[in-house]
Amino acid sequence: MSAYILGVDVGTTSVKAVLLETGSRLVAATQALPTTSDIIDHSGLKAKEQDTGRIIDTLNRCMGLLPRDKLQHVRSIGVSGQMHGVLFWKAKSGCDWSKRDFFTARDTSQLITWQDGRCSSDFLSSLAKPDSHLSVATGFGCVTILWFMRHRPEFLEEYTAAGTIQDYVVSMLCGLDGCVMTPQNAASWGFFNTSTNQWNIDILKGAGFPLHLLPRCVPSGGLAGQTCSDWHGIPAGTPVGAALGDFQCSVYSCMSARTDAVLNISTSAQLTFAMPGDFKPPDSPQPACSISYFPYYDSYLAVAASLNGGNVLATFVGMLTAWMKELGVELSDSCLYEKLIGCALRQETTDLRVSPTILGERHDPLSLAQVTNISTTNLSLGHVTRALCRGIIDNITSMMPAELLQQAGVSRIVGSGSAIARNEVLRQEVEKAFPLPVVYGQDADSAVGVAMVLCDLMNES
C-alpha cells in the first residue's frame with residue numbers, strides 16, 4: 001500500500017488539502033472548498049476579520065472529502081496558510097475533540113487577517129523601529145497586538161496563546177500548550193530578526209507588548225509534534241510539521257530551477273526570485289522600497305508583494321453585482337465573472353488605463369486606484385475587464401520590473417495561483433508583460449508545496 005504526505009493550506013478565501021505519494025511525489029487526491037468566513041465590519045476601524053469556527057468547519061469538510069483509505073496511510077502532515085494575520089486562543093481549551101476524530105474551534109478569537117486596516121499611518125509611525133530588515137505594516141501580527149494593548153487591552157487578557165491560523169491548526173493537532181512558529185511566519189508578523197531568528201524582545205518589551213503571547217520559534221521544515229488524536233482517519237502519533245507560509249510553499253511547488261521567477265496571483269499577488277545562497281539582507285527596514293526579502297528555507301526570496309491581486313477582480317465583480325441588484329437584476333458572482341472574462345477575451349486590446357491599487361501598497365499606502373484615458377469608445381465591459389487585468393500585471397511589474405529579473409539571471413516566469421489558473425485574460429496579460437517564456441504551475445500550489453517540503457525532508461533522512 002502506498003504511503004502519503006498530507007498537505008493542507010488554510011488560505012484567505014479557501015482551504016485546500018492534497019495527498020502526495022511519498023515515493024513518486026504525485027498528487028493522489030486533492031480537495032478545495034471556499035471558507036466564506038469574512039465578517040462584515042461595522043466598527044468603522046477598517047477591521048478585516050474572519051470567523052475561526054467557520055474556517056475550521058471548512059477544513060473538516062475538506063478533509064472529509066479525501067479518500068479515507070488513503071488518509072489511514074498518511075505518514076506526516078504539513079500545514080501552510082495566510083501569513084501576517086493573528087488569532088488568539090486559550091491554550092488549554094482552544095478546541096474541542098469530542099466529535100469523534102476531528103476537532104472544532106473553541107475559546108478562540110476571530111482571525112484578524114493580513115488585510116486588516118485598523119493600524120493607521122499615525123499609529124505605525126508611533127511604534128519603535130524594528131531590529132529587522134523587514135518593515136512593519138497594518139495587518140502584521142505584532143502590530144495588531146500592540147494596537148490592542150493600546151486601545152483594547154482587556155481583549156487580550158482572556159487569551160494565553162497567539163499565532164497565525166495555520167499555527168493554530170498545528171497547535172490543536174499536536175495538543176500543544178502554546179504556539180510554535182517558523183521564521184517564515186514570524187517574519188510576517190514583524191519585529192523578528194531573520195539573521196538571528198529571534199524576536200525583538202527588548203523593543204517589544206519596551207513598547208508594553210505581552211511577551212507571553214510570542215510563539216516559540218522552530219526551524220522552517222522542522223516538526224512541531226505529533227497528532228494527539230486520530231484525525232479524519234489519520235492515526236494518532238503522526239508527525240506534524242511546524243506551519244509554513246503559504247507564499248513560500250507556493251514558490252516551492254513550482255520553482256524547479258533557481259533561474260525561475262514565480263508570479264503568484266491568488267487573493268493578493270507576488271512576484272519573486274531566489275537570491276544567491278550567500279545573500280545577506282539589509283540591516284534595517286526600507287519602507288519605501290517595493291521589494292522585500294522573505295526567508296525561504298536555506299536562503300531568501302526577493303519579493304514584490306502586492307496587496308492587490310484576485311481581490312481586485314472580486315471587488316469589481318461584487319460592485320457590479322450590487323449595482324445590478326439595485327436595478328432589480330440578480331446574477332451570481334460566478335456567472336458574472338464568467339461573462340466578464342468572455343467579454344475581455346473578445347476585446348484583445350484597450351487604451352483604457354486602470355491602476356488597480358484599491359488597497360494601496362505597503363510601500364505606498366496612500367496610492368489608491370485610478371481609471372484614466374476614459375473615452376466614449378472604451379466603456380464596454382470587455383474594455384474595462386481587460387484594462388483591470390492588465391492593471392494588476394502592470395502594478396506588480398512596476399514593483400519588480402522585467403529588467404531587474406533579467407539582471408538577476410531569471411530565464412522564465414512560472415505563473416501560479418487560483419486567479420491565474422481561472423482567468424485566461426490575466427494569463428494573456430502576463431505573457432505580454434514579460435520578455436521571457438511563461439509556464440504555469442498548479443492551482444493548489446501552497447498545499448502541494450508544504451507536502452513537497454516534508455516529502456523531500458523524509459527522503460533526505
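Asn 373 is partly exposed, with a relative accessible area of 47%; partly exposed denotes the range between buried (under 20% relative accessible area) and exposed (over 50%), for a 1.4 Å probe and protein chains only. The structure is a predicted model, in which local features need pLDDT of at least 70 and side-chain atom pairs count only at pLDDT 80 or more, while totals for chains, interfaces and linings use all residues. Residues are numbered from 1 along each chain as its sequence is written, and side-chain values use heavy atoms, with hydrogens and water left out.

Asn 373 lies in the loop between strand E24 (370-372) and helix H12 (381-399); helices (H or I, at least four residues) and strands (E, at least two) are DSSP runs, numbered from the N terminus. Its phi is near 65 degrees, a positive value in a residue other than glycine. A positive phi, near 50 degrees, also occurs at His 232, which is placed in the loop between strand E16 (223-226) and strand E17 (239-241). His 232 counts as buried because its relative accessibility is 6%.

Strand E21 (residues 292-295) pairs with strand E22 (residues 300-306) in the antiparallel sense, over four bridges; two strands pair if DSSP finds at least two bridges between them. Pro 295 has Tyr 300 of E22 as its bridge partner.

The largest nonpolar core comprises 45 residues. Such a core is a set of buried Ala, Val, Leu, Ile, Met, Phe, Trp, Tyr and Cys residues joined through side-chain atoms within 4.5 Å. Leu 263, Ile 265 and Leu 405 have the most contacts inside this core, and H12 provides its largest share, seven residues. Beyond its neighbours within four places in sequence, Ile 265 is in contact with residues including Ile 392, Ile 393, Ile 420 and Leu 426, where contact means heavy atoms within 4.5 Å. In soluble globular proteins, nonpolar side chains tend to be buried together.

One cavity of 30 Å³ or more was found. A cavity is a set of points, on a 1 Å grid over the protein atoms alone, where a 1.4 Å probe fits but cannot get out; lining residues have an atom within 4 Å of a point. The largest cavity holds about 40 Å³ of space, the volume being the space filled by probe spheres set on the points, which are joined across faces, edges and corners. Helix H10 (310-326) and helix H11 (333-346) are the elements that give two or more residues to its lining. Among the lining residues are Leu 313, Phe 316, Tyr 337 and Asn 423.

Key: On a 1 Å grid over the protein atoms alone, a cavity is a set of points where a 1.4 Å probe fits but cannot get out, and a pocket is an open set with protein on both sides within 12 Å along at least five of seven lines; lining residues have an atom within 4 Å of a point.
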